[in-house]
Amino acid sequence: MELLIGQMFAGLSLGSVLLLAALGLSLTFGQMGVINMAHGEFMMAGAYTAFVVQQAIADAGVSLLVSIPAGFLVGGVLGLVLEAVLLRRMYHRPLDTLLVTFGVALVLQQAARDIFGAPSVDVRAPAWLQGNIEVLGAPIPLTRLFILALSLLCLAGLVLLLRGTPLGRRIRAVVLNRDLAETSGISTRRSDQLTFFIGSGLAGVAGVAVTLIGSTSPYLGTSYIVDAFLVVVAGGIGQVKGAVIAAFALGVLQSVFEYSTTASIGKVLILIVIVVFLQLRPQGIFSLKTRSLA
Amino acid sequence: MKVSVHKRAFLPLAAAAVATALAGCGSQIADPASAGSTASTGTSCVDTSGDSIKVGFINSLSGTMAISESTVFDSLTLAAEEINASGGVLGKQLQVVSEDGASEPTKFAERAGKLIQQDCTAAVFGGWTSSSRKAMLPVFEANDALLFYPVQYEGLESSKNIFYTGATTNQQIIPALDYLAEQGTTSLFLVGSDYVFPRTANKIIQAYAAAKGIEILGEEYTPLGSTEFSTIVNKVRDSKADAVFNTLNGDSNVAFFRQYKSVGLTADTMPVVSVSIAEEEVPGVGLDNVEGQLTAWDYYQTLDTPANKKFVAAFKAKFGAERVTSDPMEAAYTSLFLWKAMVEKAGSFEVDQVQAAADGVTFEAPEGLVTVNGENNHITKTPRLGKINSEGLIDTVWSSPEAVEPDPFLATYDWAKDLAK
């Protein structure tokens with residue numbers, strides 16, 4: 001029982017990490033069709049933001065809370081620059097964006113190595129996040145709970161933005177039918193920029209969050225990028241709700257597989273599940289219905 | 001002395017220069033007879049004519065292993081500078097050619113080939129993961145060149161072209177198990193990264209445990225670089241083992257220890273013995289997360305030997321007072337001096353002569369006196385169990401009374417009979 005609860009939570013927690021990593025990507029990849037391989041490096045930038053903020057603010061609790069908006073800004077601005085300098089020249093050429101952003105990812109990794117050094121740096125967790133609470137005997141780590149809450153908060157914020165604001169309506173209009181949106185007087189340039197800013201900013205927030213569980217090193221991004229793409233593809237391109245379901249389903253499945261076999265075999269099984277699933281349903285869990293010709 | 005074909009065109013031009021050079025250092029020309037005796041196909045192109053000699057350093061300066069390997073590179077650099085400052089090797093200054101293995105075994109093999117064939121280095125130093133060493137081994141054997149490998153590893157290997165200056169299993173893992181058994185440990189949980197070293201190490205641990213009545217309650221591997229340990233930590237906690245034997249490598253340690261601590265496991269409730277966490281890794285893992293945990297090595301920065309004090313002081317003077325020294329760094333530092341001693345004993349840079357001279361070569365290393373065993377190309381080392389202290393350094397809690405002879409195939413252990421097959 002104790003173990004079952006522990007494992008259930010491990011699955012949910014893994015799902016929340018996947019969701020945080022994939023949420024921004026579901027905007028930039030899902031909605032804009034940009035294959036941004038540098039998404040992981042935007043996470044890394046967020047993680048290093050947490051490190052820098054902690055150098056400036058000694059109190060780990062305050063610095064974590066400051067890091068979250070700071071990480072959002074750093075990730076967002078990096079995304080904005082990437083969009084303005086490179087990506088806007090290659091919309092509708094997804095393969096080009098893949099190559100270009102892969103190059104950008106390598107540049108960012110090297111930059112991190114040059115600035116912060118190759119060894120990983122330590123971002124301390126605040127005292128109130130150390131330890132765990134016991135639920136029916138199973139220890140639930142507080143850092144994991146925090147990440148779960150943060151990912152749900154980001155999700156709520158994103159959904160609210162997309163559903164409830166004029167800006168969100170414009171973004172959705174551009175996704176559904178870019179030409180029609182443009183002829184209706186929507187500035188697609190501005191909408192693209194904002195979407196990319198928010199998507200990349202979310203990567204920054206994810207980066208801040210994962211400093212609590214893993215290492216902060218120049219390679220942080222590479223360990224999340226593939227999983228993030230898996231979530232977005234399995235969830236259905238362009239669908240935030242698909243990404244949510246896919247993230248938690250993959251998280252729970254992976255911890256079940258990992259528990260019943262081993263970590264390496266678990267990873268293999270999860271990939272097999274995704275391959276089979278995409279064979280049966282290439283469009284993912286949800287597919288976007290659009291009348292656009294493109 | 002060999003001159004390659006394309007250089008021949010310049011011979012007339014260079015003749016005068018060479019003549020003057022020869023006049024100046026006639027005594028240092030390599031013996032032509034020994035050069036002719038190299039039987040292998042890839043005859044060495046090492047240039048021993050000048051007043052410098054090339055050596056190669058191969059370390060991952062990028063990729064997931066850079067966290068550890070860049071420190072080995074630093075300590076090799078220090079050793080080369082010290083050797084040069086004290087007159088070089090056989091009167092020749094070391095000229096270092098360094099290559100980035102980029103944490104990829106195939107890259108290591110390719111770059112090692114370059115160091116041997118294109119750069120014509122007299123010996124190569126470096127490598128960390130066993131996968132990188134296994135990838136380089138055929139390259140060094142085919143070219144009959146020398147590699148000095150400075151990291152503890154899983155044993156069961158011996159090549160005449162590789163000198164192993166890190167610990168083999170009977171100088172690290174077995175003493176650690178002996179220590180745990182002595183402390184009354186009756187059950188263990190094994191956690192490791194999924195590659196050569198942890199899998200072989202755990203095979204040895206399983207055999208040891210079966211022979212000594214220690215129960216192994218679980219054996220888990222994660223992909224290199226993995227950061228997700230919720231499930232493994234749950235399994236470990238549920239197993240209620242006396243201790244955890246950790247062979248994780250690189251950044252995975254950070255995630256493991258953070259998540260280990262976050263479910264309430266501590267050094268008091270369930271100690272973790274790590275064989276890949278040294279002084280250098282402690283800050284990255286976070287001192288809060290590993291304080292009080294055990295490590296198994298042959299060298300710690302806190303060792304009280306004159307050679308170590310000198311080594312630590314020199315290292316800090318060169319790289320900064322905040323830097324620390326660790327076992328693989330010490331083994332790398334030692335490896336360069338051992339090569340120097342071998343070359344000087346042989347009186348030649350020729351690979352076969354260095355190999356012939358290797359047996360019995362000693363060096364007063366920071367960890368204590370080490371002696372090369374010419375039979376298996378390993379060195380004697382003194383195993384030590386350490387405990388991570390509140391400053392992030394490691395205090396010795398147990399030390400072998402004397403240096404232990406290397407036994408990579410565990411031939412002297414009854415319970416290990418089936419392992420070497």
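Good morning. Two aromatic rings, from Phe, Tyr or Trp, count as a pair if their centres lie within 6.5 Å. With that rule, the structure before you, which is a predicted model, holds 25 aromatic pairs over all chains.

Let me begin with one of them. The ring centres of B:Phe148 and B:Phe163 are 5.0 Å apart and the planes meet at 20 degrees; the pair is therefore stacked, since planes under 30 degrees apart count as such. B:Phe148 belongs to strand S4 (residues 147-149) of chain B and B:Phe163 to strand S5 (residues 162-164) of chain B, so the pair ties together parts 15 residues apart in sequence. Are these two residues buried or exposed? B:Phe148 has a relative accessibility of 0% and counts as buried; B:Phe163, with a relative accessible area of 2%, is buried as well.

A second pair is formed by B:Tyr333 and B:Phe337, and this one is tilted, with 5.0 Å from centre to centre and 55 degrees between the planes. These residues are separated by about one helical turn, because they stand four residues apart in helix H14 (residues 327-346) of chain B. Both B:Tyr333 and B:Phe337 are buried. Chain B also has an aromatic cluster, whose members include B:Phe148, B:Phe163 and B:Trp339.

I turn now to the contact between the chains. How much area do chain A and chain B bury between them? The value is about 2,800 Å², with 46% of it on carbon and sulfur atoms. On the side of chain A, the residues that lose the most area to chain B are A:Asp122, A:Tyr219 and A:Glu258, together 15% of what that side buries. Chain A gives 39 residues to the contact and chain B gives 38 residues.

Across this interface there are three salt bridges. A salt bridge joins B:Glu228 to A:Arg144, with the closest N and O atoms 3.2 Å apart. There are also 16 residue pairs in polar contact across the interface. On the side of chain A, H1(A) supplies the largest share, six residues. That side divides into 15 nonpolar, 17 polar and seven charged residues.

Finally, consider A:Gln7, a residue of helix H1 (residues 2-31) of chain A. Its relative accessibility is 10%, so A:Gln7 counts as buried. Among the residues that A:Gln7 touches are A:Tyr259, B:Ser230 and B:Asn234. The side chain of A:Gln7 makes a polar contact of 3.3 Å with that of B:Thr231. Within chain A, the C-alpha atoms of A:Gln7 and A:Glu258 are separated by 9.9 Å, although these residues are 251 residues apart along the chain.

Thank you for your attention.

Note on methods: Residues are numbered from 1 along each chain as its sequence is written. Chains are lettered from A and ligands numbered from 1 in the order in which they are written. This is a predicted model: local features need pLDDT of at least 70, side-chain atom pairs count only at pLDDT 80 or more; totals for chains, interfaces and linings use all residues. Side-chain values use heavy atoms; hydrogens and water are left out. Helices (H or I, at least four residues) and strands (E, at least two) are DSSP runs, numbered from the N terminus. Buried means under 20% relative accessible area, exposed over 50%, partly exposed in between (1.4 Å probe, protein chains only). Contact means heavy atoms within 4.5 Å. A polar contact is a pair of N or O atoms within 3.5 Å; within protein, one must be able to donate a hydrogen and the other to accept it, and residues adjacent in sequence count only if both atoms are side-chain atoms. Buried area is the accessible area (1.4 Å probe) that two parts lose on being put together, summed over both. A salt bridge is a side-chain nitrogen of Lys or Arg within 4 Å of a carboxyl oxygen of Asp or Glu. Ala, Val, Leu, Ile, Met, Phe, Trp, Tyr, Cys and Pro count as nonpolar, Asp, Glu, Lys and Arg as charged, and the others, Gly among them, as polar. Rings of Phe, Tyr and Trp (its six-membered ring) pair if their centres lie within 6.5 Å; planes under 30 degrees apart count as stacked, over 60 as edge-to-face and the rest as tilted. Lists of a residue's contacts leave out its neighbours within four places in sequence.
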